[in-house]
Amino acid sequence: MLQYPINIKNTNPRLAKAIISQYGGPDGELGASLRYLSQRFTMPNDIARATLNDIGSEASK
Amino acid sequence: MTEREKRLKEIQELDFRMLDLQLFLDTHPFETKAVEEFNSASKKLGAMKTHYERLYGPLMLTGDNYTTPWQWIEGPWPWQSYRLGKEEA
């Protein structure tokens with residue numbers, strides 16, 4: 001329930017779907033970012049560890 | 001675009017260039033030219049940020065010269081227009 005009511009004059013379900021899919025969902029970047037940041041701790045080599053760290057850090061920004 | 005916005009855009013562009021180099025170097029650790037370019041971009045970015053902060057206040061809280069009142073809270077923040085006066089922001 002919203003704290004402040006909003007009245008949407010022109011709904012755009014296609015746009016809403018696109019925005020929501022970016023925030024969450026299996027291909028969302030925030031989810032990917034958390035997976036990368038979790039998995040960097042067990043990487044077997046320097047390059048993999050650094051790449052997951054750096055790309056994971058960027059996705060959340 | 002105001003002078004402030006122009007300077008900020010230059011900082012953003014150089015910061016992005018450095019990110020690009022960083023990611024490239026993560027998978028190509030022996031590219032000396034890229035390392036050198038990273039270093040010189042970093043130096044230039046540091047100077048640009050210091051100059052910007054002196055004119056417009058903190059960008060990130062990494063300085064050690066802050067004064068009272070605490071300027072970090074002062075508007076406008078990035079999503080607000082730089083053409084607004086500080087009190088409106």
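**Interface, core and salt bridges**

About 490 Å² is buried between chain A and chain B, with carbon and sulfur atoms giving 63% of that area; buried area here is the accessible area (1.4 Å probe) that two parts lose on being put together, summed over both. Ile47(A), Asp54(A) and Glu58(A) supply 73% of what chain A buries against chain B, more than any other three residues. This is a predicted model, in which local features need pLDDT of at least 70 and side-chain atom pairs count only at pLDDT 80 or more, while totals for chains, interfaces and linings use all residues. Residues are numbered from 1 along each chain as its sequence is written, chains are lettered from A in the order in which they are written, and side-chain values use heavy atoms, with hydrogens and water left out.

Counted by contact (heavy atoms within 4.5 Å), six residues of chain A meet six residues of chain B. Between the two chains there is one residue pair in polar contact, both at pLDDT 80 or more; such a contact is a pair of N or O atoms within 3.5 Å, where within protein one must be able to donate a hydrogen and the other to accept it, and residues adjacent in sequence count only if both atoms are side-chain atoms. Salt bridges (a side-chain nitrogen of Lys or Arg within 4 Å of a carboxyl oxygen of Asp or Glu) number zero between chain A and chain B.

Over all chains, though, the structure holds six salt bridges. In chain B, Glu3(B) and Lys6(B) pair up at 3.8 Å, N to O, and Glu3(B), Lys6(B) and Arg7(B) are linked in a network of these bridges. Glu3(B) and Lys6(B) sit three residues apart in helix H1 of chain B, so about one helical turn separates them. Glu13(B) and Lys9(B) bridge with their closest N and O atoms 2.9 Å apart. Asp15(B) and Lys49(B) make another bridge at 4.0 Å, N to O. That pair links distant parts of the chain, 34 residues apart, with Asp15(B) in helix H1 and Lys49(B) in helix H2 of chain B. Helices are DSSP runs (H or I, at least four residues), numbered from the N terminus.

As for the inside of chain B, the largest nonpolar core has eight residues: Leu8(B), Ile11(B), Leu14(B), Met18(B), Ala41(B), Leu45(B), Met48(B) and Tyr52(B). A nonpolar core is a set of buried Ala, Val, Leu, Ile, Met, Phe, Trp, Tyr and Cys residues joined through side-chain atoms within 4.5 Å, buried being under 20% relative accessible area (1.4 Å probe, protein chains only). Neighbours within four places in sequence aside, Met18(B) touches Phe38(B), Ala41(B), Ser42(B) and Leu45(B).

Definitions and conventions. Buried < 20%, exposed > 50% of the residue type's maximum accessible area, 1.4 Å probe, protein only. Helix = DSSP H or I, 4+ residues; strand = E, 2+ residues; numbered from the N terminus.
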